[in-house]
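Biologist: I am new to this structure and would like a close look at one part of it. Please show it first.

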Amino acid sequence: MKTRVERKIGDGLFWIETGELAKQAHGSCLIGYNDNVVLCATTTAPCKPGADFFPLTCDYRERVAAAGKFPGGFLKREGRPGLKEVLTSRLIDRPIRPLFPKGFYNDVQVFANVLACDKLVDPDVVAMNGCSTCLQLSPLPFQGPLASVRIAYVDDAFIPFPTVEQLESSELDLVVSGNMESVLMIEGFAREMPEPKMFEAIMTAHKYVREICELQLELVEKIAPEKMTFEPLNTKPLYDALMKGYYDEFRAAKKTVGKLARAAACDAVKEKARQALVVETPEGSEEPNFFAPEYFEVAFNDFVERVVRDIILSQERLDGRGIKEVRPIECRVDVLPRVHGSALFQRGETQALITVTLGTSKDEQRVEGLFDEYTKRFMLDYNFPPYSVGECKPYRGVGRREYGHGALAERSVKPVLPDQEEFPYSIRVISDILESNGSSSMATVCGATLGLMAAGVPITNPVAGISIGLVKEEDGRWITITDIMGDEDHYGDMDFKVAGTQNGVTGIQLDLKTNGISKDIIAQTLKQAREARIGILRKMLAAAPRPADDVSQYAPRLLRTNIDPDKIGLLIGPGGKTIRGIQELTGASIEVNNDGIVTVAAADQAGAEAAMKEIEKLTATVEIGKTYEGVVTSIQNFGAFIEILPGRDGLCHISELSDEYVDNIQGFCKIGDKFEVKVIAIDDQNRIKLSRRAVLKERGESDRPEGAEEREYEERERQDDYREERRERPQRQRRRPRDDF
């Protein structure tokens with residue numbers, strides 16, 4: 001039987017249904033916001049033998065048929081998930097994962113399929129709520145409810161579930177997930193929003209989160225699903241033995257300087273404990289063996305977590321730093337030849353090598369999906385090869401983590417890029433992580449800023465990023481730490497990344513391993529992150545105080561102009577003849593948009609300027625009072641016709657040709673002569689009147705064109721010869737009278 005609940009949230013109706021579709025799934029629901037409809041379902045399978053991690057898989061799919069569209073390309077069906085689908089799958093996963101009990105290792109899959117899209121509101125956040133709901137309706141021990149909301153900030157007001165149009169003018173795009181008491185996940189991007197305003201946005205979002213949680217609980221109470229029982233593996237005897245016999249030794253090993261040396265020291269203690277404590281289960285024995293090999297990895301992981309957390313709570317840190325201290329930073333620019341821009345950013349044992357490439361509008365990335373197709377002129381790609389963490393394993397393409405870190409860095413840097421009118425280049429940044437020990441995504445943000453400045457991109461402000469960690473105990477104690485290392489991230493409770501400028505936040509991302517954080521922790525994190533960010537910005541500006549004055553000599557030279565759209569056909573010419581001729585003449589590449597924007601790209605400045613000059617000649621509008629260099633195209637007794645722009649000529653009357661008297665115009669000039677002339681009038685019939693005499697007067701010059709006297713003499717000789725010939729020619733015979741008929 002179908003069960004439905006609904007509530008008005010923001011400007012739309014939020015509703016959830018269950019009991020009719022996908023009934024063989026372990027939990028399913030149909031969820032919607034107005035005409036956006038998403039089907040969410042979850043299934044589970046028993047734990048695999050020897051599993052020591054939670055194998056949760058979240059998949060989000062957008063079928064473009066939901067928006068009444070066909071897929072692009074030759075194959076008219078969807079293939080592998082696109083970037084948007086991958087990023088949304090990560091958004092679904094991150095708040096769900098910490099709400100399963102520790103030690104639960106069953107296979108769990110959550111699937112969200114967009115069935116209908118109104119092309120007004122993005123259905124991704126709707127899907128996030130549906131995935132939480134179907135987990136609560138399943139037998140799984142999911143500790144919900146969990147809800148998510150997107151918030152925009154337009155005209156000094158926060159808007160839940162904003163439309164795509166509202167997001168375009170918004171200063172904020174923020175997604176917040178949480179339960180009734182606290183916040184579980186944050187991902188947002190802003191235009192240098194001050195920390196107090198960002199905190200207000202998060203708290204406003206959490207108000208709507210509670211409303212959606214109440215709606216989910218209303219549905220769950222009506223269904224009353226039966227939940228499975230779960231008992232975690234009993235590792236307490238082995239854990240107690242580790243704490244008693246190896247705590248001090250392992251704590252000392254964990255404070256070894258250097259990531260690889262620390263790992264080697266810890267492995268030595270681990271192997272020593274294994275040899276001493278692990279006992280094989282006798283064959284045929286039915287008594288539980290709490291010191292069996294399968295217990296050791298789980299118990300030892302809990303033991304390591306306790307040691308690391310105790311070190312942090314004592315404010316010692318693994319590498320001896322203070323709680324708010326950032327690791328040593330090294331910044332360099334122009335580290336690679338030939339590329340358009342490069343930089344190296346190192347913070348502790350995390351190292352990012354940045355490469356910047358500049359291109360034309362042809363290099364923009366086309367993006368299609370449920371909404372209208374658009375292009376991206378800024379792309380940031382993040383690569384994380386295995387050698388960056390000393391591992392030896394296959395590297396088969398880009399994974400979800402790399403997509404996520406690249407998108408976070410890209411959207412954190414994008415707000416400071418110049419407008420396309422000011423800087424018409426397409427920009428691609430590549431971040432290769434060569435060494436990693438914590439927060440390589442924020443190292444990418446810092447390195448990308450340096451690389452862009454090295455490439456001569458006139459960014460409005462430099463951007464830096466930092467990650468803040470957390471250890472929160474059940475007794476209420478908590479502590480936040482700046483610039484977390486890998487172990488502090490893995491065994492701590494929080495990875496809170498904040499990127500921004502000196503003015504405010506541009507990117508924010510929160511991942512938790514606990515069941516939520518309070519507003520006090522959020523406020524402290526934002527304050528601590530700003531302090532660290534300002535210090536990092538000082539180090540970066542010492543290496544690159546400002547963007548380079550010009551782009552690299554190896555980058556294409558771009559010039560841009562606007563022409564009257566009615567003259568696009570004139571520029572292109574019949575069959576593209578005119579524009580091809582300019583390109584062949586100058587060696588430049590010319591792109592023309594339908595709105596009249598013309599972009600010229602060339603290997604050097606001279607070629608670009610030459611092409612631009614030809615374009616301006618061809619498309620320029622004749623202006624009264626402006627001086628042009630023209631070519632004589634026709635000569636009449638009353639004056640000369642001079643072409644001042646392609647296809648546009650005017651009459652320079654004989655009286656306006658010179659400041660001296662011109663007796664014979666054929667002797668004064670010839671077809672092909674070049675003159676500088678001034679437009680003195682344009683009549684009602686669009687006829688142009690020119691004056692060479694006005695140009696001479698402005699310059700204080702008085703001269704006759706070179707060769708004019710010789711041409712006048714030759715012309716007089718020709719006229720004299722002609723008259724003499726006429727006198728000598730015999731008289732024509734008188735015409736005979738016409739015969740009568």
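Biologist: How does N34 count by relative accessibility: buried, partly exposed or exposed? Please start there and go on to what surrounds that part of the chain.

Modeller: The model is a predicted one, in which local features need pLDDT of at least 70 and side-chain atom pairs count only at pLDDT 80 or more, while totals for chains, interfaces and linings use all residues. Residues are numbered from 1 along each chain as its sequence is written, and side-chain values use heavy atoms, with hydrogens and water left out.

N34 counts as partly exposed, at 33% relative accessibility. On this scale buried is under 20% relative accessible area, exposed is over 50%, and partly exposed is in between, with a 1.4 Å probe and protein chains only. N34 sits in the loop between β3 and β4 (36–45). Strands and helices here are DSSP runs numbered from the N terminus: a strand is E with at least two residues, a helix is H or I with at least four. Although N34 is not a glycine, its phi is positive, at about 55 degrees. A224 is also a non-glycine residue with a positive phi, of about 50 degrees. A224 lies in the loop between α4 (195–223) and α5 (236–254) and is exposed, with a relative accessible area of 57%.

A cavity is found on a 1 Å grid over the protein atoms alone, as a set of points where a 1.4 Å probe fits but cannot get out, and lining residues have an atom within 4 Å of a point. Grid points are joined across faces, edges and corners, and the volume is the space filled by probe spheres set on the points. K2, E17, T18, G19, E20, L21, S28, C29, L30 and L39 line the largest cavity. With three residues, β3 gives the most to this lining. By class the lining divides into four nonpolar, three polar and three charged residues; Ala, Val, Leu, Ile, Met, Phe, Trp, Tyr, Cys and Pro count as nonpolar, Asp, Glu, Lys and Arg as charged, and the others, Gly among them, as polar.

The other strand of that lining, β2 (residues 12–18), pairs with β1 (residues 3–9) in the antiparallel sense over seven bridges. Pairing requires that DSSP finds at least two bridges between two strands. R7 has F14 in β2 as its bridge partner. Two residues lie between the strands of this hairpin, where G10 takes a positive phi near 65 degrees.

The second largest cavity holds about 30 Å³ of space. V121, D122, R150, F161, P162 and L167 line the second largest cavity, giving four nonpolar, no polar and two charged residues.

C29, one of the residues lining the largest cavity, leads on to the cysteines. The structure holds zero disulfides, a disulfide being a pair of cysteine sulfur atoms within 2.5 Å. C213 is in no disulfide, and its nearest cysteine sulfur, that of C29, is 14 Å away. C213 counts as buried because its relative accessibility is 0%. For C47 the closest cysteine sulfur is in C58, and at 18 Å that is too far for a bond. C47 counts as partly exposed, at 37% relative accessibility.

C213 is among the residues in contact with L146 once neighbours within four places in sequence are left aside; P95, I96, S177 and L184 are others. Contact means heavy atoms within 4.5 Å. L146 is found in the loop between α2 (124–137) and β7 (147–154), and at 3% relative accessibility it counts as buried. P145 is in the loop between α2 and β7, and a cis peptide bond joins G144 and P145, with omega about 10 degrees. M180 is 34 residues from L146 in sequence and 7.9 Å away in space, C-alpha to C-alpha.

S177, a contact of L146, stands opposite M185 in β10. Strand β9 (residues 172–178) runs antiparallel to β10, joined by seven bridges, and a hairpin of four residues connects β9 to β10. On β10 (residues 183–193), 10 of the 11 residues are buried, so this strand is largely enclosed by the rest of the structure. β10 also pairs with β21 (residues 505–512) in the antiparallel sense, over five bridges, and there I186 has L510 as its bridge partner.

Methods
1 Å grid on protein atoms, 1.4 Å probe; cavity = no way out; pocket = protein on both sides within 12 Å on 5 of 7 lines; lining within 4 Å.
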